[in-house]
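Dear colleague,

I am handing over the structure below, together with some notes on what was found in it. Please read the notes with the coordinates open beside you.

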Amino acid sequence: MSTTLFDKVWDSHVVRKIEDGPDVFFIDRHFIHEVTSPVAFLGLKERGISVLYPERTFATADHNTPTINQHLPVADFLSANQLKALEDNAAEYGISHWGLGHSKNGIVHVVGPENGITLPGATIVCGDSHTSTHGAFGAIAFGIGTSEVEMVMATQCIMQPKPKRMRINVNGELSKGVGPKDVALYIISQLTTSGGTGYFAEYAGDVFENMSMEGRMTVCNLSIEMGARGGMIAPDQKTFDFLEGRLYAPKGEAWDKAVAYWKTLKTDDDAVFDTELNFNAADIEPMITYGTNPGMGIGISKHIPNANQVEGGEETYKKSLAYMGFHEDDVMIGKPIDFVFLGSCTNGRIEDFRAFTAIVKGRKKADNVTAWLVPGSHVVEAQIKEEGLLDILTEAGFVLRQPGCSACLAMNDDKVPAGKYAVSTSNRNFEGRQGPGSRTLLASPIMAAAAAVTGKLTDPRDLF
């Protein structure tokens with residue numbers, strides 16, 4: 001019987017099927033960080049349970065970490081407590097821990113692939129919704145809650161209903177200035193933030209086949225923002241080349257055996273999906289969000305839609321625009337901005353810094369812009385320096401910060417002040433997401449760079 005990539009990976013990990021209930025589902029890799037793990041560890045201690053497979057669990061500090069002066073004690077009391085709890089719990093249970101100051105420290109969804117922990121055909125969970133990032137490698141990866149973190153640590157399994165299958169095909173050639181982030185934001189704008197609810201998405205077609213692994217990670221990262229449980233892309237030679245030689249990737253004969261298996265991880269030609277969608281790459285332009293959810297996005301040359309052109313209630317729509325200080329039919333180009341954030345598990349990789357720097361080169365940061373450039377890991381930070389990107393950024397008036405989740409969410413010191421506009425390469429633009437009262441416009445690294453040097457929303461294609 002013909003099957004999808006999703007079915008092949010899912011079905012091979014079902015330990016037990018419960019009639020009219022969820023599957024008991026085995027987990028290959030479990031990532032934890034300082035925010036969603038302390039209560040789970042407390043639950044283990046209260047019940048006198050150990051971590052079943054500590055070698056399958058990987059801990060890193062990222063959400064609460066400062067992005068400057070990481071050599072100093074963390075000033076925020078709650079953050080410091082959570083970071084210490086992660087360190088202590090990892091040591092007690094024999095879990096690998098990459099805390100502040102560790103050479104492999106960084107955002108959980110950046111360091112996983114970087115070190116070959118993320119592998120095709122694997123099942124991966126984390127107490128973080130953007131675990132879907134790892135689906136770029138042909139893995140089934142999704143976020144879980146704190147009680148489920150405890151369940152996985154205790155049993156290496158999770159109770160999970162099997163989602164429906166969706167395939168999203170994007171074919172054709174992307175226009176100049178259009179990147180993976182734009183593709184993802186375009187898809188979300190077409191489906192809305194609930195269009196993928198109940199589904200696990202597979203991305204297919206020319207556009208994804210031609211994308212780099214970093215671009216694929218960006219797309220899969222944002223799957224959760226259309227309501228999907230996760231997203232995945234079939235592994236290919238690009239996947240194998242990316243992984244070969246990495247710390248936790250198989251070696252020698254085990255590598256050859258793994259690749260032979262990974263090559264079978266693709267959807268059969270006549271497999272049927274519950275839903276299938278097709279988009280034309282030529283219809284996508286550099287994207288920008290204008291509202292308070294990731295589905296409220298348009299091409300940079302477009303006008304903000306009127307309430308009668310969008311799904312949902314008119315009152316809610318107008319409330320969102322009022323929060324943002326925008327109006328129906330507004331043009332986005334030329335709107336002044338205050339902050340630019342380059343980073344997060346969506347766009348904190350070396351490819352993102354290369355794209356940003358390509359626009360910035362030979363220009364200067366606008367005086368009215370505060371820019372936070374935050375690498376996703378120390379490995380990315382080192383690459384930025386080795387490739388000479390830091391010299392270009394410094395010449396243009398930018399400062400490179402230290403790795404962490406930073407301004408993606410208001411859980412550390414990098415908060416956007418109330419009423420200020422931030423062009424952000426992160427993944428969510430909810431009210432207060434980047435700080436109480438802050439106004440977030442999601443965009444690609446190229447769009448962020450264009451705003452950073454002009455001080456306003458600018459079509460990046462005008463700067464090539």
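The count of salt bridges comes to 24, where a salt bridge is a side-chain nitrogen of Lys or Arg within 4 Å of a carboxyl oxygen of Asp or Glu. Side chains of opposite charge can pair when their charged atoms come close. Before the individual pairs, a word on the basis: this is a predicted model, in which local features need pLDDT of at least 70 and side-chain atom pairs count only at pLDDT 80 or more, while totals for chains, interfaces and linings use all residues. Residues are numbered from 1 along each chain as its sequence is written, and side-chain values use heavy atoms, with hydrogens and water left out.

One of the pairs is Arg 165 with Asp 7, whose side chains meet at 2.8 Å, N to O. Arg 165 counts as partly exposed because its relative accessibility is 23%, whereas Asp 7, at 6%, counts as buried (buried means under 20% relative accessible area, exposed over 50%, and partly exposed in between, with a 1.4 Å probe and protein chains only).

A second pair is Arg 56 with Asp 28, where the salt bridge spans 3.7 Å, N to O. This pair links distant parts of the chain, 28 residues apart, with Arg 56 in the loop between helix H2 (38–47) and strand S4 (57–60), and Asp 28 in the loop between strand S2 (23–26) and strand S3 (29–32). Arg 56 is partly exposed at 23% relative accessibility, and Asp 28 is buried at 14%.

Arg 461 forms a salt bridge with Glu 285, the closest N and O atoms being 2.9 Å apart. Here the linked parts are 176 residues apart, Arg 461 being in the segment after helix H16 (445–454) and Glu 285 in the loop between strand S12 (275–280) and strand S13 (287–289). Arg 461 counts as partly exposed at 31% relative accessibility, and Glu 285 as buried at 9%. Salt bridges that share partners also join Asp 7, Asp 11, Lys 162, Arg 165 and Asp 274 into one network.

As for the overall fold, the secondary structure comes to 16 helices and 18 strands. The radius of gyration, taken over C-alpha atoms, is 21 Å, close to the 23 Å that the globule rule gives for 464 residues, so the protein is as compact as a globular protein of that length (the rule is 2.2 Å times the number of residues to the power 0.38). The C-alpha atoms fill a box of roughly 55 × 55 × 45 Å along the principal axes, and 59% of the 464 residues count as buried.

Two local points concern helix H13 (residues 350–360) and what follows. Among the buried residues of H13 are Ile 350, Phe 353, Phe 356 and Val 360, and just after this helix Gly 362 takes a positive phi of about 85°.

Finally, Leu 52 sits in the loop between H2 and S4, where it counts as partly exposed at 42% relative accessibility. The C-alpha atoms of Leu 52 and Ile 384, which are 332 residues apart along the chain, are separated by 38 Å.

Key
Helix = DSSP H or I, 4+ residues; strand = E, 2+ residues; numbered from the N terminus.
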